[in-house]
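Here is a friendly note to read with the model open beside you. Take the points in order and find each residue as you go.

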Amino acid sequence: MQPSHETPRSFAHALGLTLSRFAAVATIVAFAALGASSATAQLVEGKNYARLANPQPVDTGKAIEVIEFFSFGCPHCADLEPILDGWLASKPADVELRRIPVAFQPAWERLGKVWFTLHALGKDDLAPKVFSAIHKNGVNLSEPKTFFDWAAKNGIDHKKVEDMYNSFTVSSEMSRAKRLAQVFDIQSVPTIIVDGKFITASDKVGGHQNVPAAINELVAKARAERKS
């Protein structure tokens, strides 16, 4: 007997799609709908973000500061990274993004030094490759020698990488990052801080895809408060 209604499999077949491709299309449509609805909805204080009881001074002067607390070892940070990079490419001119690694465990502290080493050498653009090496290829870049060899394969002089990784500069940056994480009481990553006064995260705004819109709304709020 033929079914009396369209099942996902029969509907997908009618469209000439495999079930897996149908599921992928359905997922994309669902996320697009969620993103569209979130983009038009205003954030609710206490639900989607919080105002910090003790606002902190920013390091960006007149520019509005956005901090992402993250770790290369965090899979959720890896998922957010391309979305945040997309926002970064079109962010408002008066906004600056700072990425601050956390050190919840020794391996993550070493990965924090990986970030500061790349940043000091002007190689921020290798961050996506770091995430990919760790989470897709299983490369343990928290081991210094493994990182040095990996960096050399990606076009950075081996000695320069090793010297910078072990430098006072990187050590100082990592110490400061740990202090900042304590000041902001960071309990999980990724976490976003806007202008030293607002805190939010992907799970507070409906998922990674809604983070850019949330940042923009909090930036607008921070901008208005600076003018008042």
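Predicted model: local features only at pLDDT ≥ 70, side-chain atom pairs only at ≥ 80, totals over all residues.

1. Side chains of opposite charge can pair when their charged atoms come close. In this structure, the count of such salt bridges comes to 14.

2. Start with Arg99 and Glu68, which form a salt bridge whose closest N and O atoms are 3.1 Å apart. Arg99 sits in strand E3 (residues 95-101) and Glu68 in strand E2 (residues 64-70), so this pair ties together parts that are 31 residues apart in sequence. Are these two partners buried or exposed? Arg99 has 14% relative accessibility, and because buried means under 20%, Arg99 counts as buried. Glu68, at 3%, is buried as well.

3. Next, find Lys178 and Glu109. Their salt bridge has its closest N and O atoms 3.0 Å apart. Lys178 belongs to helix H8 (residues 168-183), while Glu109 belongs to helix H4 (residues 106-120), so the pair ties together parts that are 69 residues apart in sequence. Lys178 is partly exposed, with a relative accessible area of 33%, and Glu109 is also partly exposed, at 28%.

4. Now look within a single helix. Asp149 and Lys145 form a salt bridge, with 2.9 Å between the closest N and O atoms. Both lie in helix H6 (residues 144-153), and because they are 4 residues apart there, about one helical turn separates them. Asp149 is partly exposed at 28% relative accessibility, whereas Lys145 is exposed at 57%.

5. Salt bridges can also share partners. Here, shared partners join Glu45, Arg51, Lys197 and Glu225 into one network.

6. Let us turn to empty space. Rolling a probe the size of a water molecule over the atoms shows where empty space is left. How many cavities of 30 Å³ or more does the model have? The count comes to 1, and the largest cavity has a volume of about 40 Å³.

7. Which residues line the largest cavity? The lining consists of Glu68, Phe70, Phe72, Arg99, Trp115, Ala127 and Phe131. By class, the lining has 5 nonpolar residues, no polar ones and 2 charged ones.

Definitions and conventions:
Residues numbered from 1 in each chain as written. Heavy atoms only, no water. Salt bridge = Lys/Arg side-chain N within 4 Å of Asp/Glu carboxyl O. Helix = DSSP H or I, 4+ residues; strand = E, 2+ residues; numbered from the N terminus. Buried < 20%, exposed > 50% of the residue type's maximum accessible area, 1.4 Å probe, protein only. 1 Å grid on protein atoms, 1.4 Å probe; cavity = no way out; pocket = protein on both sides within 12 Å on 5 of 7 lines; lining within 4 Å. Points joined across faces, edges and corners; volume = space filled by probe spheres on them. Nonpolar A, V, L, I, M, F, W, Y, C, P; charged D, E, K, R; others polar.
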